[in-house]
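Trainee: Could you take me through one part of this model up close, the nonpolar core and what sits around it?

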Amino acid sequence: HNLEMKHLPGADPELVLLSQQYKELERIPLSDMTREEINQLVRELGFYRKETPDAPVPEEFQFAPARPVPTLPLHQADGKTSDEHEEGAHPDL
């Protein structure tokens, strides 16, 4: 769930992690990894594997592997307190 595979002829295989806004967060090279190692990596990153392609995804995994928003310090560089920031406005999720 939430994983899309694209074959790019001539390109080295890599896993590209994107935010909900499609901002690139990280690139992980896969060339030197076995299929088993890649499957383990995907599990460790928190992706949910459905039993069948049309199986429902449990509610707690709908946005997986997104991680919780980190706790913000009381005062940010913009002078606002964490309570003044819009809920869900973290750019990496």
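Mentor: The largest nonpolar core has eight residues: Leu15, Leu17, Ile28, Leu30, Leu41, Val42, Leu45 and Phe47. A core here is a set of buried Ala, Val, Leu, Ile, Met, Phe, Trp, Tyr and Cys residues joined through side-chain atoms within 4.5 Å, and buried means under 20% relative accessible area, exposed over 50%, partly exposed in between (1.4 Å probe, protein chains only). Mind that this is a predicted model: local features need pLDDT of at least 70, side-chain atom pairs count only at pLDDT 80 or more, and totals for chains, interfaces and linings use all residues. Residues are numbered from 1 along each chain as its sequence is written, and side-chain values use heavy atoms, with hydrogens and water left out.

β1 and α1 each supply at least two residues of this core; helices (H or I, at least four residues) and strands (E, at least two) are DSSP runs, numbered from the N terminus. On β1 (residues 14–18), Leu15 and Leu17 make up the covered face, while Glu14, Val16 and Leu18 are on the uncovered one. Leucine 17 also stands opposite glutamate 26 in β2. β1 runs antiparallel to β2 (residues 24–29), joined by five bridges; strands pair if DSSP finds at least two bridges between them. The two form a hairpin with five residues between them, and tyrosine 22 in the turn has a positive phi of about 65°.

Now for Phe47: skipping neighbours within four places in sequence, phenylalanine 47 is in contact with His1, Asn2, Leu3, Leu17, Val42 and Pro65, contact being heavy atoms within 4.5 Å.
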